[in-house]
Amino acid sequence: MQLLRMFSTEKYKGTKGYLNSQKKYEVIRTVLYFGISLCLFIAGWVTTKTRLNLLTIVAVLGCLPASKSLVGTIMFLRFHSCPEAVSEEIEEHVGELYGMYDLVFTSYDKNYQVDHVVVKGNTVCGFAGGVKFDEQGFYKHIDGILKADNYKDVSVKVFGDIRKYVDRLEQMKELDANEESTEGIAGTLRSVAL
């Protein structure tokens, strides 16, 4: 696994370009896992001239983690990182605010991709440049998660217009906030994101 990470361009959750980087990592890992299983099956078949051998069993069991990896690959292939032009505009206005890129929140009903999120105290502000974004469903989902982590009275707003979002970022710089809440809420959001 360390060898695979060494050759990947994997970034950490919340950094710019995370989704595109993770997509490559997941594809490479899935191909490698299925490749190992296939090689084991072929090695057993060539050496014993039959499928009924121990290496076939190992190859079939190796398909379990490969299949799990394939599910992760399919999930990541559905999403794209924040566009470069948008991220440059956000960087001009984010300043010292605690910001995170490329977060995808999954619920039982829907997936919510948020290109950028800023947390300051009990205020969470995000930008979702996607075509359709179910704001009410997202608020309900995130509110439940934050309440479960004992963060109450958190204000959450997601913008679809980049101009309104960067204006809100400038306003958030002036807020007085508890840094402990900022770190805790950001950690919760990062931990529940894909």
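This is a predicted model: local features need pLDDT of at least 70, side-chain atom pairs count only at pLDDT 80 or more; totals for chains, interfaces and linings use all residues.

**Entry 1: the nonpolar patch.** Which residues make a nonpolar surface patch? I found Leu54, Leu55, Ile57, Val58, Leu61 and Leu64. Their patch covers about 570 Å². I then picked out Leu55 and placed it in helix H3, which runs over residues 54-77. Leu55 has 30% relative accessibility, so I logged it as partly exposed.

**Entry 2: the salt bridges.** Next I turned to charge. Side chains of opposite charge can pair when their charged atoms come close. My cut-off was a side-chain nitrogen of Lys or Arg within 4 Å of a carboxyl oxygen of Asp or Glu. How many salt bridges does this rule give? The count is six.

**Entry 3: Arg29 and Glu26.** I read 2.8 Å, N to O, for the salt bridge between these two side chains. Both residues sit in helix H2 (residues 18-48). They are three residues apart, so about one helical turn separates them. Are they buried or exposed? Arg29 is buried, at 16% relative accessible area. Glu26 is buried too, at 5%. The cut-off I applied for buried was under 20%.

**Entry 4: Lys147 and Asp143.** I moved on to helix H5, where both of these residues lie. They are four residues apart, about one turn of the helix. Lys147 is partly exposed, with a relative accessible area of 43%. Asp143 also counts as partly exposed, at 28%.

**Entry 5: Asp134 and Lys110.** Here I read 3.9 Å between the closest N and O atoms of the salt bridge. Where do the two partners lie? I found Asp134 in the loop between strand E3 (123-127) and helix H5 (135-148). Lys110 is in the loop between strand E1 (98-106) and strand E2 (111-120). The pair therefore ties together parts that are 24 residues apart in sequence.

Terms used: Residues are numbered from 1 along each chain as its sequence is written. Side-chain values use heavy atoms; hydrogens and water are left out. Patches are made of residues with over 30% relative accessible area and no salt bridge: like charges are joined within 9 Å, nonpolar side chains (Val, Leu, Ile, Met, Phe, Trp, Tyr) within 5 Å. Accessible areas come from the Shrake-Rupley method with a 1.4 Å probe; for residues, only the protein chains shown count as cover. Helices (H or I, at least four residues) and strands (E, at least two) are DSSP runs, numbered from the N terminus. Buried means under 20% relative accessible area, exposed over 50%, partly exposed in between (1.4 Å probe, protein chains only).
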